[in-house]
Amino acid sequence: MGTPCHFALFDLQPDFRLDLDQLATRYRELARAVHPDRFADASEREQRLALERSAGLNEAYQTLKSAPRRARYLLAISGHEVPQEVTVHDPEFLFQQMQWREELEDLQDSADLDGVAAFKRRLKVAQEALNEEFAACWNDAAQRDQAERLMRRMQFLDKLAYEVRQLEERLDD
Amino acid sequence: MALLQIAEPGQSPQPHQRRLAVGIDLGTTNSLVAALRSGLSAPLPDAEGRVILPSAVRYHADHMDVGHAAREAASADPLNTILSVKRLMGRGLADVKQLGEQLPYRFVGGESHMPFIDTVQGPKSPVEVSADILKVLRQRAEDSLGGELVGAVITVPAYFDDAQRQATKDAARLAGLNVLRLLNEPTAAAVAYGLDQNAEGIVAIYDLGGGTFDISILRLTGGVFEVLATGGDTALGGDDFDHAIAGWIMQSAGLSSDLDPGAQRRLLETACAAKEALTDADAVTVRYDAWQAELSRAAFDALIEPMIARSLKACRRAVRDSGIELEDVSAVVMVGGSTRVPRVRTAVGELFGRQPLTDIDPDQVVAIGAAIQADTLAGNRREGGELLLLDVIPLSLGLETMGGLMEKVIPRNTTIPVARAQEFTTYKDGQSAMMIHVLQGERELISDCRSLARFELRGIPAMVAGAAKIRVTFQVDADGLLSVSARELGSGVEASIQVKPSYGLTDGEIARMLKDSFEHAGNDKAARQLREHQVDAERLLEAVQGALDADGERLLDADERLAIEYQMQELRDLMSGTDGAAIEQQTKRLSQVTDAFAARRLDSTVKAALAGRNLNEIEDN
């Protein structure tokens, strides 16, 4: 069973730059069409189909909504499936990674809420910068390695953002 | 904000054409059933005009009381009067002990399955007790509405896990109710409040009931209610406020903690009365036997402060999970009787920086919202489009991996329905079976998470160790219930799955309970089964006819249509007979024959949605 490309599902051209509001609007329209609640009085088979389609739609939406996941997906559909856990040589970024992590640990130890807020802001700026860089090079076959590297960095920062939320939760007492 | 009328000018179906469906709030302390009538959603009263049915069941040797009569007898007959049974749904005996309450009941059954309560009528599972409450509500509904119900929407706390949800669905089955949807309580409340089509923005629903607390953050946009995040505590509620006061009484009065069950009940009732009195008074005189003392509101606030703090922490977490800031919340809604406590309202107002909304009776709002959704799901079409509710899974779903760790497969607050797959392989040559342990929770160790069930996969084709590629798909439906399927990718063989719930009833136990309840009601089993097959056939015929009327001409060629109509006629012919098995078989055949048509219809609505056309246009041709 061939699944349509996530972009095609939303009637969009595969691209990294995306109007998130437009994506959200289309998602809501599509969700209306396939949500199981629309088929509560239909046959069991239709209900099951609706369930599958809904799940597929939600997966596509979650993938396109998140910049790192969108980036990964774009590379995959361009024929550059990137294996999940692979040690990559990215020495320049490795250093930055360590810095980010150390800072986060310090924030935890000092329970510095203002510091956490500032950290989040800088993290956001860094993520936006990576997004811009990726947007500029992903479609260029000659810069494929760079695109992959950038995508991994995006993933790292995404994970870091999650850890910041966990830290906020731990500090909230 | 007044309760909105959902009147439909120009569309007033005849009463007998309207499909009867209700919304049921099966609460810890109180239950209600509501329905949409003449465009208004309202709770249905009993013969005495009371809309609330206390969630209390008293078992006598040969009959039972449900509701007010049962609750009034609680202190006189504590061992046979079951209160707050919702706290026991989907839980094991160890949890019950951990809840910290002194539940006076005699529990039987020592395994991890649901604890049974010993009564004069024999052991009762929490599912059966809940079913007894639901039966009364169902009867009330059918009497009020004058007909058989097509189905019901039953609400559950958003934070209920899979076991708790499944138990609720099982109870509904036992009560003979067709569950149209298990709806999260905060979402139901949002529906009741948000019916004004102009309502847009981010809403926080703070739902503090008798035994459970939920916080949900929703975004309302053009008739779509999207849950952004949900959080809560299924062991936090007004009951805990009562226990706090009871503890204060015991300490102040020098009571020993070794009270008999009757005295325990009386103590809690006294505490509850004091709590309610303090809603309007600054102080209240509390009496217990010969002792009395004054409890000021300030002292009461101090007693409940830790519990309120817990709820606020869950609120902050939900806001973070939503990816928004507190300031982005444009309205806060209070749900549940316990939100009448003044300190709760103040605290919530302080957190969100705005006055919480309390216009709709906090005891009724959930049932009212559920009834609105039930009406839609039953198939009563509405002008101006329908609401769409997009909910989320409240707790992460994962698997047990090496070393007792929990590996998350579906993170919390993922929009449902959702399906994720994971691949496994065998570790022994010729291994044909595999066991997967599924849990829910946020922690790393499985001992800190809720065990849901063990899934045994059988029928894996014999291969060299490590050669098999078994893809296991975890699917969570719109009710928040998990189902698991597995396929060996190389051979395409679908594994058979046997589910062993950790805290639920097995299919065998339910079948036995259903059988017992039929026999008890004096029903002939065969007649009952025949009727069920006929009802299923009727439903399918109606659905297929509706589909043909709407899209038959557009999406089917003459041969295909004839084939479907032929199977329909075969089914109609069988339905007037008494061969239940033949009816069941023909129903399946008709369903198969319409499979491709169903897929085409779905594709068609999707295309239309993208083209931005009004879906109503298509349906009305």
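This is a predicted model: local features need pLDDT of at least 70, side-chain atom pairs count only at pLDDT 80 or more; totals for chains, interfaces and linings use all residues.
**Stop 1: two helices in chain A**

Select residues 44-65 of chain A, helix α3, and residues 67-77 of chain A, helix α4. Their axes come within 5 Å and cross at roughly 105 degrees. Angles of 65 to 115 degrees count as roughly perpendicular, and α3(A) and α4(A) are therefore roughly perpendicular to each other.

Now show side chains where the helices meet. From α3(A), pick E59(A), Q62(A), T63(A), L64(A) and K65(A). Their partners in α4(A) are A67(A), R69(A), R70(A) and Y73(A). Colour this contact by class and you get 3 nonpolar, 2 polar and 4 charged residues.

**Stop 2: a positive phi in chain A**

Stay in chain A and move to D11(A). It sits in the loop between α1 (6-9) and α2 (20-34). Check the backbone: phi is about 60 degrees, positive although D11(A) is not a glycine. Most residues other than glycine have a negative phi. D11(A) has 49% relative accessibility and so counts as partly exposed.

**Stop 3**

Switch to chain B and select D289(B). Look in the loop between β16 (283-288) and β17 (291-296). Phi of D289(B) is near 55 degrees, again a positive value in a residue other than glycine. Is D289(B) buried or exposed? With a relative accessible area of 59%, D289(B) is exposed.

**Stop 4: the largest cavity**

The structure holds 7 cavities of 30 Å³ or more. Start with the largest, at about 110 Å³. It is lined by 13 residues. Select the ones closest to its centre: R181(B), L183(B), L389(B), D391(B) and A478(B).

Which strand gives the largest share of this lining? Strand β12 (residues 179-184) of chain B does, with 4 residues. By class, the lining has 5 nonpolar, 3 polar and 5 charged residues.

**Stop 5: D391(B), beside the cavity centre**

Keep D391(B), one of the residues closest to the centre of the largest cavity. D391(B) lies in the loop between β19 (388-390) and β20 (397-401) of chain B. D391(B) is buried, at a relative accessible area of 8%.

The distance is 7.5 Å, although 87 residues separate them in sequence. Then show the contacts of D391(B), leaving aside neighbours within four places in sequence. They are N184(B), T187(B), V227(B), T414(B), T415(B) and I416(B).

**Stop 6: a cis peptide bond**

One of those contacts, I416(B), takes you to the next stop. Select I416(B) and P417(B): a cis peptide bond joins them, with omega about 0 degrees. Most peptide bonds are trans. P417(B) is in the loop between β21 (405-410) and β22 (418-424) of chain B.

**Stop 7: an enclosed helix**

T187(B), another contact of D391(B), belongs to the buried residues of α5(B). Select that whole helix, residues 185-194 of chain B. How many of its 10 residues are buried? The count is 10 of the 10, so α5(B) is largely enclosed by the rest of the structure. Among them are E185(B), P186(B), Y193(B) and G194(B).

**Stop 8: the second largest cavity**

Return to the cavity display. The second largest cavity holds about 90 Å³ of space. It has 14 lining residues, and the closest to its centre are L26(B), K86(B), M89(B), S130(B) and T168(B). The classes here are 7 nonpolar, 5 polar and 2 charged.

**Stop 9: helix α9 of chain B**

Select residues 342-352 of chain B, helix α9. V344(B), A347(B), V348(B), G349(B), L351(B) and F352(B) are its buried residues. They pack against β13 (201-208), α6 (238-253), α8 (297-322) and β18 (331-335) of chain B. Step past the helix to G353(B), where phi is positive, near 70 degrees.

**Stop 10: Q534(B)**

Finish at Q534(B), in helix α12 (residues 525-555) of chain B. At 15% relative accessibility, Q534(B) counts as buried. Beyond its neighbours within four places in sequence, Q534(B) is in contact with M575(B), G577(B) and I583(B).

Conventions
Residues are numbered from 1 along each chain as its sequence is written. Chains are lettered from A and ligands numbered from 1 in the order in which they are written. Side-chain values use heavy atoms; hydrogens and water are left out. Axes are lines fitted to C-alpha atoms, for helices over the stretch in contact, and angles run from 0 to 180 degrees between N-to-C directions. Angles under 35 degrees count as roughly parallel, over 145 as roughly antiparallel, 65 to 115 as roughly perpendicular and the rest as oblique. Contact means heavy atoms within 4.5 Å. Ala, Val, Leu, Ile, Met, Phe, Trp, Tyr, Cys and Pro count as nonpolar, Asp, Glu, Lys and Arg as charged, and the others, Gly among them, as polar. On a 1 Å grid over the protein atoms alone, a cavity is a set of points where a 1.4 Å probe fits but cannot get out, and a pocket is an open set with protein on both sides within 12 Å along at least five of seven lines; lining residues have an atom within 4 Å of a point. Grid points are joined across faces, edges and corners, and a volume is the space filled by probe spheres set on the points. Buried means under 20% relative accessible area, exposed over 50%, partly exposed in between (1.4 Å probe, protein chains only).
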